[in-house]
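Dear colleague,

I am passing on a model for you to look through, with notes on its ligand site and on one pair of helices. Please read the notes with the structure open beside you.

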Amino acid sequence: MAANWKMNLSLYEAGDLLTEIKKAEIDFNRVDVLVAPPFTTLPSAHNLLSGTAIQIAGQNMHWEEAGAFTGEVSPLMLKEAGCTHVILGHSERRALFFETSTIINNKVAAAVNTGLIPILCIGESLQQREEKKTFDIVREQLQESLHSFSQGAVLPEGLILAYEPVWAIGTGKTASPQQAQEVHSFIRDWLREAFDKNTGRLTTILYGGSVRPDNIKELMAQPDIDGALIGGASLKADSFLSIVRFYEG
Ligand code: PGA
């Protein structure tokens, strides 16, 4: 269960939220938990969470190691700040900051080279869904964003995919469990073909888009949904923790 805080929470609010999450009883045999705070919060989140099983992700990064890139953060800087993972290709990055799949491919490759696990986001817009282009778009995003790996036909170990239909993000409109399952199963088939059977079977595929305590169980009951990337509902301890503890029945 991955919390994407986006550009939210002050340092103090973040400290309070993390303290509550840290205190909560979470069965880490049943669930992996990860938080993605804004850059400026990363070092203090790392301090607060040290000694726990909760992992930390950056929300974005540049693909170069260093240089004249005003306003950017490098993969190594994320690692130094305590990140094990990095969210890449989020639809807000694609739409508001004009990130193309080629840029995202560079970032995925740089993350892997630095030892960060990418959480690669893909997903169609409402218009694309209405035009029945969902599978084409998802296939294209996968092909282009993972282009660097297609030659050797080996997907970096541990790479995580997040299917996030753009129309479901922050809108309160969750994809139905069936709609999400259909695309997740399509992604697994694509991985099987592009890489191999085991990659298709073993890759973690998260669903994201208006995940809440009241819809998590049904989503997690789908055979190809392994977890969730949670935005709005991850900003409050009670809603995030009830999503994290979805297994409690
Ligand atoms: P949301 O965001 O849960 O607020 O819809 C999810 C995301 O953008 O990762």
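The ligand is surrounded by 13 residues (a residue counts as near if one of its heavy atoms lies within 4 Å of the molecule), and the closest are K6, H90, E164, G170 and S210. This is a predicted model, in which local features need pLDDT of at least 70 and side-chain atom pairs count only at pLDDT 80 or more, whereas totals for chains, interfaces and linings use all residues. Residues are numbered from 1 along each chain as its sequence is written, and side-chain values use heavy atoms, with hydrogens and water left out.

By class, the shell around the ligand holds four nonpolar, seven polar and two charged residues (Ala, Val, Leu, Ile, Met, Phe, Trp, Tyr, Cys and Pro count as nonpolar, Asp, Glu, Lys and Arg as charged, and the others, Gly among them, as polar). An oxygen atom of the ligand lies 2.7 Å from a side-chain N or O atom of K6, and a ligand oxygen is 2.9 Å from a polar backbone atom of G231; polar contacts here are pairs of N or O atoms within 3.5 Å. Of the 280 Å² of accessible area that the ligand has on its own, the protein covers 95% (Shrake-Rupley method, 1.4 Å probe).

Turning to the helices, S101, I104, N105 and V108 in α5 meet Q141, E144 and S145 in α7, where contact means heavy atoms within 4.5 Å. The residues of this contact divide into two nonpolar, four polar and one charged.

Best regards

Conventions:
A polar contact is a pair of N or O atoms within 3.5 Å; within protein, one must be able to donate a hydrogen and the other to accept it, and residues adjacent in sequence count only if both atoms are side-chain atoms. Helices (H or I, at least four residues) and strands (E, at least two) are DSSP runs, numbered from the N terminus.
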